[in-house]
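Reader: Could we go through this structure together? I would like to begin with the strands and then turn to other parts.

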Amino acid sequence: MVKPGQGACDAAFGVLHGAPPAGLLTDVFECLPDAVTVSVAVRDAVGEPVDMRLEYMNAAARAGVPDGVEPLGGLCSEIWPHMVENGSFAACMRVLRTGEAEQGAFTWTEARTYRAADYEYQATRVGQDRLVWVLRDNSERVLRAELLAEVTASLSRADTLASVMTILTERIMPAVGATVSAAVLNEPGSNHYTVRHIHDVERGALQPAPFSISAPYPLAHTARSGQALFFADPAERTRAFPEAAHLFTPRLHSTAVLPLAVEGRLFGAVSFHFAVRHDFADSERRFLAALAGQCALALERARLQREAADKQAQLRALAEVSAALATSLDPATTFANIAAAVVPRIADGCLIHVIGEAGQPELATLVHRDPRQERALREVVDEFPPRLDAEGGVGAVIRTGRHELVTDVPRTLDRLARSTEHRLALSKLMPAASWLAVPMRQAGIVIGAMVLVQATSAQASFTESDIPFAEELAGRAAQAVANARRFAEQSEVAHYLQRSLLPPALPHIPQADIAACYHPGEQGTLVGGDFYDIVPTSPRQWGVVIGDVCGKGPQAAALTGLVRHTARAARRWDPEPRSVLEAVNTAILADHPAQRFCTAAYADLDLSASPARLRLVLGGHPHPLLRRADGTITRLGRPGTLLGIVGEPLLHTTEDDLHPGDLLLLYTDGVTERRSGTAMLAEDGVRDILARTHRSSAAVTVAALEREVLGYGPTPPGDDFAILALRIG
């Protein structure tokens, strides 16, 4: 058994350093029947406690304040002189002096404050000067807080709809004294509602049944409107819903109907019917709403877990084919990844052509395991590009939409030669054993072709059995082309919208200087890629997030907004970095069922500590780097799961101290994946910049890295990137 008032005492600790917990926790705290106060000791010249000055009180405590008295900041002996008379004030002084908690009982007789009754109290010192006082009306035998804590713990382990309904039937109904309870839920993504649960203590559980959301019944009204309903007696209920009167037997006296909703999404309602009269005071209404809220969260978790299992089955089917394509959303990088996936494991060479703006095939990528053959292929393609009117080869595949499998390479090359010069150039492509060219289709239209080349040194030539695999790769490449074209069409709007997904200005952080940059991709990257954010979680504590969402366009923009604002909201409830990313993961799975995901790094920076304390968690994101004041460069964090893939991602929180002169650098993969030919900037390139800018400010460091990324390679970056630096002053 929990000691009298112990649950309330534990909850009260949360208010010692500020306001009561927000949201649902505040509702729970405020609906406690126990009077809970937090006071600070008033000591005399020699340090002995002589009184207490009131700092906080919950609703039950406020109900016991005499009329006309302003309690907060007042002396407890003056607000409640009856405490001096009954001995509980002396107990508080002992607790403040010794630090040993005390509990006891007395009869309260001062009617102008708390009602006259027998009470139990518990006094606990927190720190050196604060005292938590919990006063329990002995007539309340079952604490609502204890019930809510027990129900919450049980629901947190419920992973199916049936298990949630079992807790509602076997635990919640008896605890609140309900005779009948029912729950109505909609089918995910539809307007079809079903009575998923109906239980009568006399008749037992009844079978689920279809339910009309437009019916003139209390449960239907709440399920469609989200309005809670409370009826103290049958007459009141009948006046509001006369058509439903026949549904209620005489033993169903009072009724409460609560909405089931999570983050504004209404998906049902739950009702409780009582055989005895309930006047439904505000505290009971809040308590029933809190129970319904916990049921709603459990039902949402069960739904998300079910959806995650379905997604996993789909992902496993695509995993082997998609692995090489999942590392980048940039078309040029995608083409290179396709070629890298097949060369040299499946083919000795790979070429991809797409229809350009002039309506002719243009080379998108070319890779061969033999550098000499790669140069020869590139020379032929540059000097004699494919033509749509050609008898064979890339042009014919694009024109006809039919694949081409060649095993007699010498004769075919001779047939394809347009001139003596062309024949001489083609002869440089020998030796070659076979090639397989397949069309690339987008929405039924051929937009290009992919060619796989096999050299004579290969163990086997291509056969008909290789065609499905090649067509699958070509389909993926076609999607990359389609994305590139959409990127180009929407880039101007996208860049403007992208700015709206970033903070308009960096905040001022005492004892630290910060700098950041975002650079859109130059090849038409659509809105919704990389983002960063910095917000205060307390006067000396800051939340820092940086990430990269999957995909581009409106859906990705929505996902970026969801991730950024979910992270902002989540850290208000629980600033623990792992909890923030878990909340983001849950939000993605709930709102983006089309297999969308993101990478993110979230850090909690505590500047009130000395040295400053950094807690970091990574969700599939590149490791941040820490440049110490002495120039040492360290990789931070432990790898974690991408967000939006599974219901329970593996996330690890690491902690590090930051000293004056230390600089924390976070960035997206657009930095490290910046290419110059076949080389990438990679993490080593970032470390070089950090080393060269040792002792520089955050702004100088970010500017230097941005210049390096933009200047790395002969063409502008194809992918967007974000950089964020924070230097401890």
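**Strand pairing and packing**

Author: In this predicted model, strand 22 and strand 25 (residues 653-658) run antiparallel and are joined by six bridges.

Reader: Which residue stands opposite T653 of strand 25?

Author: That residue is V617.

Reader: And how many bridges join strand 21 to strand 22?

Author: Seven bridges join strand 21, residues 598-606, to strand 22, and these two strands also run antiparallel. Strand 21 and strand 22 form a hairpin, with five residues between them. Within this pairing, D604 stands opposite R615 of strand 22.

Reader: Is strand 22 mostly covered or mostly exposed?

Author: Strand 22, which spans residues 612-619, is mostly covered, as seven of its eight residues are buried.

Reader: Let us turn to the nonpolar cores. Which residues touch the most other members in the largest one?

Author: I509, L605 and L643 do, in a core of 47 residues. I509 touches I514, I534, W542, L607 and L726, leaving aside residues up to four places away in sequence. Another core lies apart from that one; it has 34 residues, including A183, L258, F280 and C295. As a general point, nonpolar side chains in soluble globular proteins tend to be buried together.

Reader: What does the side chain of E300 make a polar contact with?

Author: The partner is the side chain of R265, at 2.3 Å. Not counting residues up to four places away in sequence, E300 touches V262, R265, F267 and A590.

Reader: On to the aromatics. How many aromatic pairs does the structure hold?

Author: The structure holds five aromatic pairs. One of them is formed by Y121 and W133, which are stacked, with 5.0 Å centre to centre and 15° between the planes.

Reader: Which parts of the chain does the pair of Y121 and W133 tie together?

Author: Y121 is in strand 4 (residues 117-126) and W133 is in strand 5 (residues 130-137), so the pair ties together parts that are 12 residues apart in sequence. Y121 and W133 are both buried.

Reader: Which residues do ring pairs link into a cluster there?

Author: The cluster consists of F106, Y121 and W133, linked by ring pairs.

Reader: Finally, the chain as a whole. How many helices and strands does the chain have?

Author: The chain has 22 helices and 29 strands. Of its 729 residues, 51% count as buried.

Reader: What share of contacts join residues at least 24 apart?

Author: The share is 63%, among contacts between residues at least 6 apart in sequence.

Conventions:
Residues numbered from 1 in each chain as written. Predicted model: local features only at pLDDT ≥ 70, side-chain atom pairs only at ≥ 80, totals over all residues. Heavy atoms only, no water. Buried < 20%, exposed > 50% of the residue type's maximum accessible area, 1.4 Å probe, protein only. Helix = DSSP H or I, 4+ residues; strand = E, 2+ residues; numbered from the N terminus. Pairing = 2+ DSSP bridges. Core = buried A, V, L, I, M, F, W, Y, C linked by side-chain atoms within 4.5 Å. Contact = heavy atoms within 4.5 Å. Polar contact = N/O pair within 3.5 Å; in protein donor to acceptor, adjacent residues only side chain to side chain. Phe/Tyr/Trp six-rings, centres within 6.5 Å; stacked < 30°, edge-to-face > 60°.
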